[in-house]
Amino acid sequence: MQQEPMKTIGVLGGMGPMATVNLAQAIVENTLARCDQDHPPVIIDSNTRIADRTAFLLGLSTQDPRPEILAAAARLENAGVACMVMPCNTAHAFYPDIVAATRAEVIHMIEETAKWIATTFPTQKKIGVLATQGTYRADVYGRGLAKFGLIQIVPDQRGQEEVTRLIYDGIKANNLAYDYTGYDQAVARFRAEHNLEVVILGCTELSVAQRLHPLGGTFVDPLRVIARVLIEKAGGRVTSW
């Protein structure tokens, strides 16, 4: 009996480019495969014309990211994807606009991550979130975690400055020689002050940073969570976690 062809995954990327590549790699690495044909088809629209999401949400820029996000979503839909995802946590502030504009299923990375945490760490209710200020302003993780009975804990101003610096001056600037010392210290202090067992890498640039400069402890990478959801949505099989 011939196996039914897998559905095509769409990646609404470019936010940022390295995070988009990181998701593509995660899809490949988390697929249980013996040959090329066991991997799901993936179409990536890495639209780097999308304006900065945090700057817009904080009122620091009048450039609205939504028109270019919607244009990329339309291209993916026209290409025939069955589902799509944005590998950008902050962009989920615009999730309702994208859902309203496309017939393809749009997977909510934040809610899938919250659901996975609630299932995997049932005794943990306080969850640390490292993210952009735009993500906090839009409260995408606060609301997403609350749906599963979880509470978001965020860094203080000093810690947030180190997180923001790494995101923009390190990963987005493609600075492979970035000095992680301040970030490492800020994260260690954040975890200790709040006695946090689980911390979400709530910016996809931080997911990239974790590959380049792994920190010890339980860090949840939404890109890996969503990669596994996408594989199964497409009809593929996932590796052991």
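Biologist: What kind of model are we looking at?

Modeller: Residues are numbered from 1 along each chain as its sequence is written, and side-chain values use heavy atoms, with hydrogens and water left out. Local features need pLDDT of at least 70, side-chain atom pairs count only at pLDDT 80 or more, and totals for chains, interfaces and linings use all residues; what we have is a predicted model.

Biologist: How many Å lie between the C-alpha centres of domain 1 and domain 2?

Modeller: The assignment gives domain 1 as 9–108 + 224–234 and domain 2 as 110–221, with bounds that come from an automatic or database domain assignment. The distance between the C-alpha centres of these two domains is 20 Å.

Biologist: Where does the largest pocket lie?

Modeller: On a 1 Å grid over the protein atoms alone, a pocket is an open set of points with protein on both sides within 12 Å along at least five of seven lines, a cavity is a set where a 1.4 Å probe fits but cannot get out, and lining residues have an atom within 4 Å of a point. Grid points are joined across faces, edges and corners, and a volume is the space filled by probe spheres set on the points; for the largest pocket it is about 280 Å³. Of its 15 lining residues, the closest to the centre are F219, V220, D221, R224 and W241. Both domain 1 and domain 2 give residues to this lining, so the largest pocket lies between them.

Biologist: Which elements give two or more residues to the lining of the largest pocket?

Modeller: Helices (H or I, at least four residues) and strands (E, at least two) are DSSP runs, numbered from the N terminus. With elements named in that way, those that give two or more residues to the lining of the largest pocket are α1 (17–29), α10, β8 and α11 (222–234).

Biologist: How much space lies in the second largest pocket?

Modeller: Its lining is made up of G14, M15, G16, P17, M18, D52, R53, I171, K172, N174 and E205. As domain 1 and domain 2 both give residues to it, the second largest pocket too lies between them. Two residues of this lining have backbone features to look at: a cis peptide bond with omega of about -5 degrees joins M15 and G16, and N174, which is not a glycine, has a positive phi near 55 degrees. The space in the second largest pocket is about 180 Å³.

Biologist: Which elements give two or more residues to the lining of the largest cavity?

Modeller: The search of the whole structure finds 3 cavities of 30 Å³ or more, and about 90 Å³ of space lies in the largest cavity. It is lined by 16 residues, of which R53, C88, T90, T132 and E205 are the closest to its centre. The elements that give two or more residues are α2 (53–57) and α10 (204–212).

Biologist: How many charged residues are in the lining of the largest cavity?

Modeller: Ala, Val, Leu, Ile, Met, Phe, Trp, Tyr, Cys and Pro count as nonpolar, Asp, Glu, Lys and Arg as charged, and the others, Gly among them, as polar. By these classes, the lining of the largest cavity has 4 nonpolar and 8 polar residues, and the number of charged residues is 4.
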